Amino acid sequence: MEPESLYNLLHLPGKEDPPAEEELSQGEKRKFLPPTSRNNPKFEELQKVLMDWINAELLPEHIVVRSLEEDIFDGLILHHLFQKLSGLKLDVEEIALTAASQRRKLAAVLESVDQSLQLEEPQAKWSMESIFNKDLLATLHLLVALAKRFQPDLPLPTNVQVEVITMERTKSGLKSEKSVEQLTECGADKDQPSKDVFDELFKLAPEKVNAVKEAIVKFVNQELDRLGLSVQNLDTQFADGVILLLLIGQLEGFFLHLKEFYLTPSSPAEMLHNVTLALELLKEEGLLSYPVNPEDIVNKDAKSTLRVLYSLFRKHKLKESTDGVPQRSPN
């Protein structure tokens with residue numbers, strides 16, 4: 001994508017303008033929210049719930065937050081909020097006026113936050129630099145984590161996900177990539193079992209994963225051959241939901257009108273629509289025994305893709321079995 005068209009796609013006056021190529025160091029990546037993501041109703045609702053929560057907590061101190069993007073970065077509000085929530089007294093300067101002192105304060109506050117959340121730095125979806133640079137996604141991840149730790153009954157909107165554009169400076173220029181980022185859990189996540197057969201497979205027998213994939217690809221291609229389609233890469237070819245919907249229709253006898261899904265999806269949002277529809281169809285048929293987040297499929301998560309395809313494999317291989325013996329799980 002050319003830099004100029006990329007700028008037009010991402011531009012929001014005064015809000016996270018895409019950097020010029022010289023603003024990124026070689027290999028540096030930076031995330032941006034396109035206008036469609038910023039205007040997502042659930043995304044806006046999440047910000048409002050968090051802002052109301054913070055203002056209620058800090059009301060006795062006469063502190064008011066008007067923008068999560070603009071008011072959190074220097075560590076002042078985060079300092080007061082964390083002290084109020086945790087009951088801990090932080091040994092940091094109360095007022096930091098210079099950028100250097102604000103960075104020091106923010107780093108100290110975040111260190112205490114991460115310790116309280118029992119997070120190592122690589123696990124956190126935020127950093128001192130991202131918060132200080134007013135990265136709204138990082139700020140929201142941080143605040144959601146604090147809310148879940150200290151105010152678990154806070155009614156956060158469930159399954160908030162947004163389309164994100166990641167820009168990277170490479171030797172050949174600026175490179176952009178779209179993805180879907182999950183900010184809050186699906187409603188069913190709290191009741192989600194801790195692990196299933198695929199967790200065990202990937203953890204205890206990773207050398208067998210390819211064998212399972214080959215068996216499922218063979219099964220899928222036998223069904224898709226009637227439609228003149230084939231699959232070579234299980235990890236990537238189901239990410240847009242099209243082949244998955246056609247496969248479900250073929251196996252379960254569904255007729256899907258072209259108005260119900262995107263035959264040639266051109267954005268992560270359209271891909272997400274397709275995958276969500278496919279998972280709803282599988283749930284209606286009682287085929288999904290383990291909750292699957294649609295954004296995991298869109299983001300090409302191999303384990304989630306295998307879970308979905310195995311649900312079809314298990315049912316329809318059983319139908320084809322001559323002795324009626326159920327197929328064993330891939331363990």
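Modeller: Two strands pair if DSSP finds at least two bridges between them. Strands are DSSP runs of E with at least two residues, and helices are runs of H or I with at least four, numbered from the N terminus. This is a predicted model, where local features need pLDDT of at least 70, side-chain atom pairs count only at pLDDT 80 or more, and totals for chains, interfaces and linings use all residues. Residues are numbered from 1 along each chain as its sequence is written.

Now the sheet. It is open and has three strands, in the order β1-β2-β3, with antiparallel pairing. β1 (29-32) and β3 (173-182) are the edge strands, and each pairs on one side only. On average, neighbouring strands are turned by 25° against each other, direction ignored. Axes here are lines fitted to C-alpha atoms, for helices over the stretch in contact, and angles run from 0 to 180 degrees between N-to-C directions.

Look next at β2, residues 161-170. This strand runs antiparallel to β3, and 10 bridges join the two. Find R169: its bridge partner in β3 is L174.

Helices lie across the sheet too. Helix α8 (residues 136-150) lies across β1, β2 and β3, and runs at about 25° to β3. Helix α13 (residues 268-284) lies across β2 and β3, at about 35° to β3. Contact means heavy atoms within 4.5 Å.

Finally, the setting. The chain holds 15 helices and three strands. Of its 331 residues, 48% count as buried, meaning under 20% relative accessible area with a 1.4 Å probe, protein chains only.

How values were computed
Side-chain values use heavy atoms; hydrogens and water are left out. Buried means under 20% relative accessible area, exposed over 50%, partly exposed in between (1.4 Å probe, protein chains only).
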